[in-house]
Amino acid sequence: MSDDAAVLVIVDAANVVGSVPDGWWRDRRGAAERLRDSLVPYAADGLPGLPGPVEILLVVEGAARGVGSVPGVAVASAPGSGDDLIAGLASAAAPERDCVVVTADRGLRRRVEAYGARCVGPRTVRPPAPDTA
């Protein structure tokens with residue numbers, strides 16, 4: 001999966017999982033695993049406006065640490081702040097390699113954009129929960 005020509009898509013798991021109030025807080029690890037599994041098709045198919053294949057790296061932190069990688073989605077457990085790990089990864093990748101960060105975190109967006117990474121919001125990979133009202 002480590003094709004240097006492929007776009008690197010770094011997913012801020014905490015931010016994306018937290019973007020949909022579906023009870024994720026009751027099982028943070030399980031929520032991160034469900035997100036990881038839902039990302040697998042994007043590795044081959046790409047994201048809207050970004051054709052595949054892409055390399056996907058899901059960054060987890062806190063109670064989600066230790067979630068394993070699966071074919072198509074690599075997982076990195078942040079030893080501390082997930083934002084710091086994401087910024088470091090974006091710094092190492094961009095601008096030599098096309099790098100996209102999936103997050104709605106404004107501070108993180110500013111940090112990674114300073115390195116040349118592009119940002120897209122959580123809805124790019126996770127549609128909003130259906131309205132049950």
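1. Basis of the note. The model is predicted: local features need pLDDT of at least 70, side-chain atom pairs count only at pLDDT 80 or more, and totals for chains, interfaces and linings use all residues. Residues are numbered from 1 along each chain as its sequence is written, and side-chain values use heavy atoms, with hydrogens and water left out.

2. Five strands make up an open sheet with parallel pairing, in the order 5-4-1-6-7. Strands are DSSP runs of E with at least two residues, helices are runs of H or I with at least four, and both are numbered from the N terminus; two strands pair if DSSP finds at least two bridges between them. At the edges are strand 5 (73-77) and strand 7 (118-120), each of which pairs on one side only. From one strand to the next, the twist averages 25 degrees; axes are lines fitted to C-alpha atoms, for helices over the stretch in contact, and angles run from 0 to 180 degrees between N-to-C directions.

3. Strands 6 and 7, and helix 4. Strand 6 and strand 7 run parallel and are joined by three bridges. Val 101 has Cys 119 of strand 7 as its bridge partner. Helix 4 packs on the sheet, where it touches strand 1, strand 6 and strand 7, and its direction makes about 155 degrees with that of strand 7. Contact here means heavy atoms within 4.5 Å.

4. Helix 2. This helix (residues 28-45) lies across strand 1, strand 4 and strand 5. Relative to strand 4, helix 2 runs at about 170 degrees.

5. Helix 3. The twelve residues of helix 3 (residues 82-93) reach 16 Å from first C-alpha to last, close to the 16 Å expected at 1.5 Å a residue; the expected span is 1.5 Å times one less than the number of residues. Its buried residues are Gly 82, Ile 86, Ala 87, Ala 90 and Ala 93. They line one face of the helix, because seen down the axis of helix 3 they fall within an arc of 135 degrees, the arc being that of the directions from the helix axis to the C-beta atoms. Buried means under 20% relative accessible area, exposed over 50%, and partly exposed in between (1.4 Å probe, protein chains only). The cover over these buried residues includes strand 1 (7-12), strand 4 (54-60), strand 6 (99-102) and helix 4 (106-113). At the start of helix 3, a side-chain oxygen of Ser 81 comes to within 3.2 Å of the backbone nitrogen of Asp 83.

6. Thr 103. This residue is found in the loop between strand 6 and helix 4 and is buried, with a relative accessible area of 0%. Apart from neighbours within four places in sequence, its contacts include Asp 12, Asn 15, Val 120 and Pro 122. A polar atom of the Thr 103 side chain lies 3.1 Å from the backbone nitrogen of Asp 105.

7. Asp 105. Asp 105 also lies in the loop between strand 6 and helix 4, but is partly exposed at 24% relative accessibility. The Asp 105 side chain reaches the backbone nitrogen of Leu 108 at 2.8 Å. Residues up to four places away in sequence aside, Asp 105 touches Asp 12, Asn 15 and Asp 83.

8. Asn 15. Asn 15 is part of helix 1 (residues 13-17). A polar atom of its side chain lies 2.7 Å from the backbone nitrogen of Ala 104.

How values were computed. Polar contact = N/O pair within 3.5 Å; in protein donor to acceptor, adjacent residues only side chain to side chain.
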